[in-house]
Amino acid sequence: MLRSLKVKNYMTRDPLSFSPDMEVLEAVHQLLVHHLSGAPVVDENGKLIGFLSEKDCLKAALNASYYEEFGGQVRQFMTQPVVTIDAESTLTDAAEMFVTKLHRCYPVVEDGQLVGQLSRHNTLAALERLW
């Protein structure tokens with residue numbers, strides 16, 4: 001049954017996203033306000049170019065601690081290349097990715113465009129509905 005459930009039906013649509021030029025401290029604030037572990041970084045055309053995770057933000061904090069350089073742009077700390085999941089993938093595929101990789105969430109793409117975000121939480125919530 002899990003193999004018939006598509007990521008597109010359980011992802012968060014219109015996810016929070018950042019521009020590469022955004023101040024990283026503002027991005028940290030947005031992640032905290034929205035209770036997210038990370039968010040996609042998109043260019044002015046909406047193309048996915050990176051991902052900013054809590055781990056990346058901790059790197060920014062360490063940078064500030066070591067070098068007393070507070071802040072910087074998201075582009076300085078974001079992860080590239082981005083690991084994504086396709087909207088047509090199954091929740092089985094997603095669960096396997098969550099188990100075998102360290103990521104807590106994945107940008108969801110359809111025809112190369114960002115269409116959402118899938119988290120471990122989204123996936124578990126879908127499974128709970130099935131049980």
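Modeller: Two residues are said to be in contact when heavy atoms of theirs lie within 4.5 Å. By that rule, 56% of the contacts in the chain with a separation of 6 or more are between residues 24 or more positions apart.

Colleague: What kind of model is this, and how are its residues numbered?

Modeller: This is a predicted model, in which local features need pLDDT of at least 70 and side-chain atom pairs count only at pLDDT 80 or more, while totals for chains, interfaces and linings use all residues. Residues are numbered from 1 along each chain as its sequence is written, and side-chain values use heavy atoms, with hydrogens and water left out.

Colleague: How many helices and strands does the chain have?

Modeller: The chain has 4 helices and 6 strands, where helices (H or I, at least four residues) and strands (E, at least two) are DSSP runs numbered from the N terminus. Their order from the N terminus is β-α-β-β-α-β-α-β-β-α.

Colleague: What makes the chain as compact as a globular protein of its length?

Modeller: The radius of gyration, taken over C-alpha atoms, is set against the globule rule, 2.2 Å times the number of residues to the power 0.38. For 131 residues the rule gives 14 Å and the chain has 15 Å, which is close, so the chain is as compact as a globular protein of that length.

Colleague: Why is F98 called buried?

Modeller: Buried means under 20% relative accessible area, exposed means over 50%, and partly exposed lies in between (1.4 Å probe, protein chains only). F98 has a relative accessible area of 9%, and is therefore buried. In helix α3 (residues 91-100), the buried residues are L91, T92, A94, M97 and F98, and they pack against β4 (85-86), β5 (105-110), β6 (113-119) and α4 (120-130).

Colleague: What makes F98 and Y106 an aromatic pair, and why is the pair called tilted?

Modeller: Rings of Phe, Tyr and Trp (its six-membered ring) pair if their centres lie within 6.5 Å; planes under 30 degrees apart count as stacked, over 60 as edge-to-face and the rest as tilted. The count by this rule is 1 aromatic pair. F98 and Y106 are 5.1 Å apart, centre to centre, with 45° between the planes, and the pair is tilted. Y106 is also buried, because its relative accessibility is 0%.

Colleague: How do you know whether D14 and D111 are buried or exposed?

Modeller: D14 has 73% relative accessibility, so it counts as exposed. D111 has 77%, and therefore counts as exposed. D14 is in the loop between β1 (12-13) and α1 (24-33), and D111 is in the loop between β5 and β6. Phi of D14 is near 50°, a positive value in a residue other than glycine; D111, not a glycine either, has a positive phi of about 55°.

Colleague: How is G46 classed by its relative accessibility?

Modeller: G46 stands at 26%, so it counts as partly exposed. Its place is the loop between β2 (38-42) and β3 (48-53).

Colleague: Why is S53 called buried, and which residues is it in contact with?

Modeller: S53 is at 16% relative accessibility and therefore counts as buried. S53 lies in strand β3 and, leaving aside neighbours within four places in sequence, is in contact with S37 and G38.
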